[in-house]
Amino acid sequence: MGSIDFTWLIGGPQGSGVDSGANIFSKVCAEMGYRIFGKREFYSNIKGEHSYFVVRVSDEEIHSNVNDVTLMASFDAETIFRHFNEVPKDGGIIYDSDLDKTTTDEVLTLDNYFKARLHKELESKNKPFTIAGVLEIAKEKGVHLYPVSFREILSNLAEKTENPKLKGLSRLFNVLAVSLSLGLIKMPLDPLLQSINSIFSKKPQIAEINKQAANFAYDYAKSKFGNFPYALTGTTKQPDTILVQGHFGTSIGKMVSGCRFQSYYPITPASDESVYLESHELLEIQNDRPGSTIVIQTEDEISAMGMMIGAALTGTRSSTSTSGPGFALMAESLGWAGINEVPIVITLYQRSGPSTGLPTRHGQDDLLFAVYAGHGDFPKIVYASGDIEESFYDTGRCFNYADVYQIPVIHMMDKFLSSSVVTCKRFDPQKISIDRGLLLDKVDGEYKRFAFTEDGISPRSRLGLDDGVFWNTGDESDEFGHITEDPQVRIQMMDKRMSRLDLVTKRVPDDEQVVSFGVHDYTVISWGSTKGPILDAISILKKEGINIGFIQIKLIHPFPSDYVKSILKNAKTIIDIEANHSGQLGKIFKQNVLREIDYFILKYTGRGMTSTEIYDSLKKIVENKANKREVLSHGA
Amino acid sequence: MALKLADYKTEVHNDWCPGCGDFGIVNALQMALAEMGIERDKATIFSGIGCSGKTSHFINTYGIHTLHGRVLTFAQGGKLANPEMTVVAVGGDGDGLGIGAGHFVAAGRRNIDMTYIIFDNGVYGLTKGQASPTLRLGEKTKSLPSPNTNYNVNPIGLAVASGFTFVARGYSYDVRHLKDLIIKAVRHKGLSFLDVLQPCPTYNDINTRDWYAGIDLAQESMERHSRIYKLEDTHFDPMVHYDDETEVNEKLSQALIKSLEWGNKIPIGVFYQNEIISPYSTRLTDKIPNYLENPPAKQRISENGLPITDVSEILDSLRV
C-alpha cells in the first residue's frame with residue numbers, strides 16, 4: 001500500500017449521528033484527494049443499539065477494509081468496549097474521559113455473549129470491567145489515548161459562543177468526534193467546514209452550530225492532544241472522482257438504462273435504491289421533454305413482481321429491488337415471466353439468511369436460490385456485480401440481456417456493497433448501451449407473440465401497440481399465447497425457451513461473463529462483493545513474491561462452463577471465496593466444470609470480509625497450513 | 001371501421017361447463033367493449049386463475065392470463081405504465097378475495113383508473129368444488145365433505161371499506177344489465193369493482209340459476225319471485241354528490257348495509273360511486289406533471305443505442 005493507509009472508526013448508539021459523522025469524515029478525506037473505502041455496520045434497530053462506521057483512507061487505490069483501526073473516535077462507552085482490541089500499537093483512541101468509570105454492566109446494549117468474552121479477557125489480564133480497564137490494555141499495547149471531556153468541550157463552547165443551549169447538546173458529539181480526529185491527524189480545517197455546509201445545506205442554523213463545534217474541537221485536538229504518528233495533510237486529487245454510497249451504482253444505472261418503472265416492498269438493504277429513485281423521479285432527457293420513473297411501493301413483494309411484469313408487458317423497462325425474504329415471495333411470478341418471455345430485472349441485494357436471518361448484515365447466501373428460484377424449467381440470467389462502480393455498468397447490461405433474450409434477469413448485489421461508501425471513477429453514461437432486442441414499434445400482418453424462429457427469440461409486441469394483439473398465460477401456450485396441452489407443441493415451446501441459455505453463453509462477450517485478474521498455480525474463484533478484498537489481498541501477496549490468480553465470475557447462470565474450464569486449465573489449486581456457509585459458487589463450479597474446489601475461504605458472521613482476513617487465509621493455503629474450509633470471523 | 005361484437009371474440013374453444021354463468025359475463029364484456037368502440041389493441045383483459053381465468057383467451061383484445069390471486073398486481077402495473085390503455089381485470093372470488101385479498105385491499109387504496117370484475121360463485125370450480133370465500137357459513141355445496149366452517153367475505157362491503165370508488169353487483173344471467181354496468185364501471189374515473197353473481201352449475205348446488213330466479217319461492221306462493229332486484233328500480237342513490245364527510249359517510253354506510261341484504265331479496269346495480277376521490281393518475285401528475293402525456297411506455301430512453309437520460313447533475317453533486 002501507499003504511504004498513507006489509515007483506518008478510522010466511529011461508533012455510537014443508532015440514531016446518534018454516526019452516519020453523518022462518517023459522511024463528513026469521508027467527504028473531507030475524499031476532498032483532500034484520498035481514496036476512501038468505508039462501510040457501515042448496524043443492528044436491526046431504530047435507536048440505541050451499537051452502530052459503527054469504518055473508513056479506510058489511502059493515497060493509493062483500495063478496494064476493501066482491513067482488520068486494524070488506526071484511529072478510533074468514540075463518544076460512548078460501548079464503542080470502546082467493542083472495538084478497543086481492533087486498534088494496534090501506535091494507533092489512537094479518542095474517548096470521552098467522563099466515561100472512565102463506566103462498567104460493562106452499565107452499558108445495557110452490551111449483550112451477554114459479548115460481555116462474557118470481554119470479562120474473560122479482562123479477568124485474565126487482571127483489569128476491572130470498566131472503560132479504564134480496557135483502555136489500560138490498549139495503553140499497554142502501545143495505543144495512544146486521547147481523553148477529552150465532551151461535556152466540558154460543550155460547556156466551554158457554550159461560554160465562548162454565548163449560547164447556553166449548546167451545553168447539553170449531545171447531538172453534537174458526532175461532529176466533535178470527527179473534528180477532534182481531523183485535528184489530530186492534521187487535516188486542514190476548511191474542507192471540514194465545507195463538508196458540514198454541504199451536509200446541512202438545507203438547515204443553515206444547524207450548520208452554523210455544527211461549524212462552531214467543529215472549529216472548537218479541531219483547535220482543541222491540535223493544542224491539547226499529544227503526538228500522533230499519523231498525519232493526513234492531503235494528496236494529489238484523482239480526476240473525475242465521485243464519492244458514492246452502495247446503491248448509487250444500480251439506482252443511477254437504472255435511470256441511465258431507461259428503467260421507467262420500479263415497484264418494491266420495503267426491505268433492508270434494498271429499499272434505499274427505490275427511495276433514491278423516487279426522490280429523483282423526474283429525469284432530464286437530452287433534447288426532449290422531461291422523463292420520469294414511476295416508483296410504486298406495493299403491499300408485498302408478490303405485488304411488486306406482478307406490477308413490474310405488467311409494466312414490462314407495455315414495453316417499459318421495469319425492475320424491482322429486493323432482498324432474500326422478498327425474493328422468496330417472488331419465485332412464482334418469476335416463473336410466469338420465464339414462460340412468457342418477459343424482460344424484467346430483479347436487483348437482489350442479499351443479506352444473511354435463512355429466514356429473517358441477520359436482517360441488517362451481509363451475506364452472499366442466495367446464489368443457489370437465485371439460480372434455482374421458481375418451479376419448473378425456465379431460462380433466466382443470474383448476473384453478479386463485484387463493486388459499486390461495476391454495478392452501474394452492469395445494470396445497463398442486465399436490462400440489455402433482459403430485452404435481447406426476453407428473459408428475467410437477477411442482478412446479484414449484497415449488503416456489503418449497499419452499505420459501503422467509496423470513491424470511484426465518475427460513472428460514464430456513454431459507456432452504457434441500450435439494446436431493446438426484438439421489441440417492435442409496429443406490426444405488419446398476423447402477429448404471433450411466440451412465433452417459432454431460428455434462434456428461438458420472437459419479435460415482441462407490447463400492450464397497446466397498434467395491431468400487436470397477443471395473449472400471455474402461465475399455462476403452456478401456442479405461438480399466439482393461447483393455452484395448449486398438446487405434447488408436440490409443448491416440446492417445441494420448452495425447447496424454444498430453454499435454448500436461450502446456450503444463446504446467452506454464446507453471444508454475451510467473454511469479458512462480460514468472467515473477469516480474469518490472472519491465473520497462477522493458486523487461483524481464487526469468486527463472485528460479487530468479495531472482489532475488492534480479494535484484489536487487495538492478492539496485491540499484498542504479490543509484493544511478497546507470492547502470485548495468486550483470481551477470476552471473478554459475473555455470469556453465474558447460465559454458467560459459462562467451457563470458458564471457465566479453459567481459463568483455469570493451468571491453475572493447480574482452486575480456492576473458492578464466498579460470504580456464505582456452503583460455498584455456493586463452489587457447488588455450481590463443481591457441477592459445471594467437473595472439478596473439485598481445493599480450498600474454501602468462507603465467512604458467514606454477517607460482516608463483510610476484510611482483505612487482511614483473506615490475505616491471512618491465502619498465506620496459510622500457500623504455506624500448506626490451511627484447512628480445506630477456512631472460516632473467517634473478524635468484525636464486531 | 002366500426003367494430004362489431006364478433007370482432008371481440010376469438011376462435012379459442014371455450015371449455016366451460018354447459019350452463020356456466022361465466023358465458024354471460026364474457027358476452028357482456030364483449031358487448032360492452034363493442035358498444036364503447038374501444039379498439040382491440042387499446043384494451044387489455046388481465047385474468048386470474050381458475051375457470052374465469054380463461055376469459056382473456058376468449059376476448060380478442062390484448063389478453064394476459066396471470067397467476068392465482070395476482071391479477072390486480074399485473075393489471076395495475078400495466079395501467080400505470082401505459083395509462084392510455086383500457087384495463088379490465090377479471091377473476092374468481094377465491095382468486096380475488098381468498099389468495100388475492102391483500103391485493104384487493106391495496107388496489108382500493110390506490111384507486112387506479114381500471115375495472116375489476118369478480119366472477120362470484122362460492123366455489124373453487126376448477127379444483128372440484130371446495131368452498132370459496134363467498135360461500136356462507138354452514139352451507140354445504142355438493143362436493144364439500146362437511147358444511148363450510150368459515151364466515152363469508154362480503155365483496156361489496158370489502159370494496160367499499162378498501163377505497164374502491166365504484167362498487168356494483170351484476171348477475172351473469174342478466175347480460176344486458178351487466179353490460180351496462182361494465183360500461184359504467186369502465187367509464188368511471190378510478191378503480192371500479194363489479195361483483196358478478198355467477199352460478200356454477202357443476203359444483204354450487206345451492207346458489208343455482210333456479211335459486212336466483214326464485215323458483216323455490218314461486219312454488220310456495222304460486223307466482224314468480226326472482227330473488228334478484230335492481231337498485232336503480234328503487235330510490236337508492238349510490239352517488240357521493242359533494243365533498244363532505246357526512247355525505248360520504250352516509251353513502252358508504254348505506255352501501256354497506258345494502259350489501260348485507262341476502263336470502264330472498266338480492267340487490268344488483270351500483271352500490272357506491274365516488275368521483276371526488278382522486279384517481280391515482282392525478283396523484284402522480286401532482287408530482288410528475290407530464291405523466292399522462294409521457295408515461296413510462298411512451299418515453300424515449302435512447303438514441304442510436306445510447307442512453308439519453310442526463311444524470312450529470314446527480315454525478316456533479318457526488319464529485320470530490
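This is a predicted model: local features need pLDDT of at least 70, side-chain atom pairs count only at pLDDT 80 or more; totals for chains, interfaces and linings use all residues.
1. Start with strand E13 of chain A, residues 344-350. Of its 7 residues, 7 are buried, so the strand is largely enclosed by the rest of the structure.

2. Which residues sit on each side of E13(A)? On one side you'll find A:Ile344, A:Ile346, A:Leu348 and A:Gln350, and on the other A:Val345, A:Thr347 and A:Tyr349. They are all buried, which leaves both faces of E13(A) covered.

3. Now look at strand E12 of chain A, residues 317-322. E12(A) and E13(A) run parallel and are joined by 4 bridges. As one example to find on screen, A:Ser321 has A:Thr347 in E13(A) as its bridge partner. To get from E12(A) to E13(A), the chain passes through helix H12 (residues 324-339), and this β-α-β crossover is right-handed.

4. E13(A) also pairs with strand E15 of chain A, residues 408-414. These two run parallel as well, with 7 bridges between them. Here A:Gln350 stands opposite A:Asp414 in E15(A).

5. Next, the helices. Two packed helices are described by the angle and the distance between their axes. For H1 (residues 18-31) and H6 (residues 173-184) of chain A, the axes come within 8 Å and cross at roughly 30°. Angles under 35 degrees count as roughly parallel, so H1(A) is roughly parallel to H6(A). Their crossing is right-handed.

6. Where do H1(A) and H6(A) meet? The H1(A) residues include A:Ile24, A:Phe25 and A:Val28, and those in H6(A) include A:Val175, A:Val178 and A:Leu182.

Definitions and conventions: Residues are numbered from 1 along each chain as its sequence is written. Chains are lettered from A and ligands numbered from 1 in the order in which they are written. A residue is buried if 20 or more other C-beta atoms lie within 10 Å of its own, exposed if 12 or fewer, and partly exposed in between; C-beta atoms are placed from the backbone. Two strands pair if DSSP finds at least two bridges between them. A crossover is right-handed if, with the strands pointing away from the viewer, the path from the first strand over the helix to the second runs clockwise. Axes are lines fitted to C-alpha atoms, for helices over the stretch in contact, and angles run from 0 to 180 degrees between N-to-C directions. Angles under 35 degrees count as roughly parallel, over 145 as roughly antiparallel, 65 to 115 as roughly perpendicular and the rest as oblique. A crossing is left-handed if the near helix is turned anticlockwise from the far one by less than a right angle, and right-handed if clockwise. Two residues are in contact if their C-beta atoms, placed from the backbone, lie within 7 Å.
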